[in-house]
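Here is a brief report on one protein model.

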Amino acid sequence: MEPKRREFLIKTVQGAAVAACGGLVWAHLLRQEAAASVLALRPPGALAERDFAAACIKCGQCAQACPYDTLRMARAEDDTPIGTPYFVPRDIPCYMCADIPCIPACPTGALDPQLKDIAKARMGLAVIDAESCLSWQGLRCEVCYRVCPVKGTAITIQNHPRQTSKHALFVPIVHSQACTGCGMCEEACPTEVAAIRVLNPKLVQGKIGSHYRLGWKSETPITQEFKPQESPPAAVSEPPAPKSAPGMDTLNQGLDP
């Protein structure tokens, strides 16, 4: 009976060790997915990340419906929760199909079926690195502006005069309220590493807070090109003529002008 008892104890300990290791691995995967989800760019119409993770069954039908092979299903080595759809704009951006075929392909509603206008999608937000952008360095590039599918709304060009040169800077400005996060600008950027990147808005956008009260009109939308209304310059009155000291005029009597 002694050998059998020893064997039973060994197998019990081995089973407990395997269960403990499995729990540690599972906990690590959960932490990894939670950290990676904020970096993932989801298909158009994706719900908020927590709701999306709960609704997505990792079936891959949205990726199969994409005509441009934009969507990928995350693997274990990717910086994205395993099995979920995402895309890398630098490789293949979202080309903003008018019929949005990935949405009806989703069987669970993880991609919002109420989204009918692709221009209202918010997959991410384009952010410009002014230190690497050719236009911000004084060269005429404007590629991101020209390839933007909502050109003139999501990305505009502003004229910035230079103090030491008669030549102005023509720089791209991203407007968050119109950017869809499609990534076509990032894919087309000619720099070695894209100077314009599409990121999760939570990583780059702040919130001013409702307790602040601005001195100008509160209904005026605050954008990158917003400037407070300047107050008119105060009227400058002429200083009064200096008065002559009493008795000084007598010194000038009898002198030729």
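Predicted model: local features only at pLDDT ≥ 70, side-chain atom pairs only at ≥ 80, totals over all residues.

The largest cavity has a volume of about 120 Å³. Its lining comprises 14 residues, and the closest to its centre are Pro44, Cys66, Cys94, Cys97 and Cys102. By class, 13 of the lining residues are nonpolar, one is polar and none is charged.

The second largest pocket has a volume of about 410 Å³. Here 20 residues form the lining, with Ala46, Leu47, Ala48, Arg122 and Met123 closest to the centre.

**Rings**

How many aromatic pairs are there? The count comes to one. The partners are Tyr68 and Tyr95, with ring centres 4.8 Å apart. Their planes meet at 50°, so the pair is tilted. A plane angle under 30 degrees would have counted as stacked, and one over 60 as edge-to-face.

Where do the two tyrosines, Tyr68 and Tyr95, lie? Tyr68 is in the loop between α3 (61-65) and β1 (72-73). Tyr95 is in the loop between β2 (85-86) and α4 (102-105). The pair therefore ties together parts that are 27 residues apart in sequence. Tyr68 is partly exposed, with a relative accessible area of 42%. Tyr95 is also partly exposed, at 34%.

| Charged residue | Ring | Distance to ring centre |
|---|---|---|
| Arg140 | Phe170 | 4.2 Å |
| Lys151 | Tyr145 | 5.7 Å |

Arg140 lies over the face of Phe170. For Lys151, the charged end is placed over the ring of Tyr145.

**The Cys189 site**

Cys189 belongs to the loop between α6 (184-188) and β6 (196-199). Is Cys189 buried or exposed? Cys189 has a relative accessible area of 12%, so Cys189 is buried. The cut-off for buried is under 20%.

Which residues does Cys189 contact, leaving aside its neighbours within four places in sequence? They are Arg90, Ala194, Ala195 and Ile196. Another cysteine, Cys133, is 56 residues apart from Cys189 along the chain. The C-alpha atoms of Cys189 and Cys133 are separated by 8.8 Å.

Methods:
Residues numbered from 1 in each chain as written. Heavy atoms only, no water. 1 Å grid on protein atoms, 1.4 Å probe; cavity = no way out; pocket = protein on both sides within 12 Å on 5 of 7 lines; lining within 4 Å. Points joined across faces, edges and corners; volume = space filled by probe spheres on them. Nonpolar A, V, L, I, M, F, W, Y, C, P; charged D, E, K, R; others polar. Phe/Tyr/Trp six-rings, centres within 6.5 Å; stacked < 30°, edge-to-face > 60°. Helix = DSSP H or I, 4+ residues; strand = E, 2+ residues; numbered from the N terminus. Buried < 20%, exposed > 50% of the residue type's maximum accessible area, 1.4 Å probe, protein only. Lys NZ or Arg CZ within 6 Å of the ring centre and 35° of its normal. Contact = heavy atoms within 4.5 Å.
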